[in-house]
Amino acid sequence: MLELLSSHACFGGDQRFYRHESSVIGLPMKFSVFLPPQASETKVPALLYLAGLTCTEETFMTKAGAQRFAVEHGIALIAPDTSPRGAGIQGEADAWDFGLGAGFYVDATVSPWAKHYRMYTYIVDELRETVIRNLPIDAGRLGICGHSMGGHGAIVLALRNPDVFRSVSAFAPIAAPSRCPWGEKAFTRYLGDDREVWRRYDASVLVAEGARKFEAGILIDQGMADQFIANQLNPDVLEAVCRDAGQPLTLRRHENYDHGYYFIQSFIADHVRHHAATLHALNC
């Protein structure tokens with residue numbers, strides 16, 4: 001059952017924040033939804049946005065400025081939290097890049113994380129089914145986007161579920177998590193030491209291994225003043241494997257832009273437009 005926490009008029013649409021009991025996570029989870037005015041008359045396509053480290057279901061809706069463009073293109077926005085809350089696991093709040101606010105959009109297999117940290121299945125199955133069942137969202141027209149850790153999650157979820165997520169984009173994604181400190185830390189503690197298991201959550205590996213192609217292309221924006229680009233994000237790795245695999249990719253590099261939401265605000269209109277063009281063209 002959905003609990004509506006708050007609702008706010010926004011650009012003629014409705015910005016909502018929800019909480020529900022998650023059977024997948026085993027705890028209450030929060031998510032946000034922006035419904036454009038078109039949703040009062042018909043089911044609309046939706047863009048699911050996965051936020052990055054330390055963020056919540058509020059971050060994108062309050063910082064990105066995406067709602068005005070969602071209204072322009074008649075598309076809903078959905079943003080989940082980035083991890084379970086209230087699991088009570090010892091040490092889960094000790095570091096900003098692991099545990100609380102850092103679920104990495106995987107299904108953990110290592111105790112004690114495996115009981116609650118199941119963000120992959122939560123998003124692909126439970127959250128998706130919840131919004132489709134309760135809100136005027138068109139089940140066949142879903143896109144996915146994300147930032148940083150969420151960019152990693154968005155591309156991985158899209159590559160593994162191309163019949164669910166029909167368009168994909170990212171801002172400064174962790175493009176090869178098996179090769180960077182953030183990814184190695186999270187994967188080791190959530191998934192264990194077997195790097196073969198990690199491969200299913202690494203976008204660069206999935207593309208190289210022949211994941212089904214997105215013919216409309218993957219759109220990525222990357223700031224070149226991003227302090228994490230050299231040792232954490234590895235966009236060049238994903239660019240190379242996409243080229244070799246024939247996966248269309250538009251990787252736009254922007255001088256002077258960093259890793260934050262001023263960067264995202266600057267290019268979010270292009271991402272909403274990218275998804276809307278694909279989703280509205282679908283004959284579902």
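Okay, let's start with a definition: helices here are DSSP runs of H or I with at least four residues, strands are runs of E with at least two, and both are numbered from the N terminus. One more bit of housekeeping: this is a predicted model, where local features need pLDDT of at least 70 and side-chain atom pairs count only at pLDDT 80 or more, while totals for chains, interfaces and linings use all residues. Residues are numbered from 1 along each chain as its sequence is written, and side-chain values use heavy atoms, with hydrogens and water left out.

So, the overall picture. The protein has 10 helices and 9 strands. Its C-alpha trace spans about 50 × 40 × 35 Å along the principal axes. How does the radius of gyration fit a compact globule? For 284 residues you'd expect something near 19 Å, and the protein has 17 Å, which agrees. That radius is taken over C-alpha atoms, and the globule rule is 2.2 Å times the number of residues to the power 0.38.

Now, what's inside? Buried residues make up 61% of the 284, where buried means under 20% relative accessible area, with a 1.4 Å probe and protein chains only. Contacts, meaning heavy atoms within 4.5 Å, also tell us something: of those with a separation of 6 or more, 72% are between residues 24 or more positions apart.

Let's zoom in on helix H5, residues 181-191. Which of its residues are buried? Those are Trp182, Gly183, Ala186, Phe187, Tyr190 and Leu191. They cover an arc of only 110° around the axis, so they sit on the same side of H5; the arc is that of the directions from the helix axis to the C-beta atoms. And what covers them? The cover includes helix H4 (149-160), helix H6 (195-198) and helix H8 (229-233). Just after H5, glycine 192 takes a positive phi of about 95°.

Over in helix H4, look at alanine 158. Buried or exposed? Alanine 158 counts as buried because its relative accessibility is 0%. Leaving aside residues up to four places away in sequence, alanine 158 touches Ile144, Phe165, Val168 and Phe214. Alanine 203 is 45 residues away from alanine 158 along the chain, and their C-alpha atoms are separated by 9.4 Å.

That's my tour, so over to you for questions.

How values were computed
Buried < 20%, exposed > 50% of the residue type's maximum accessible area, 1.4 Å probe, protein only.
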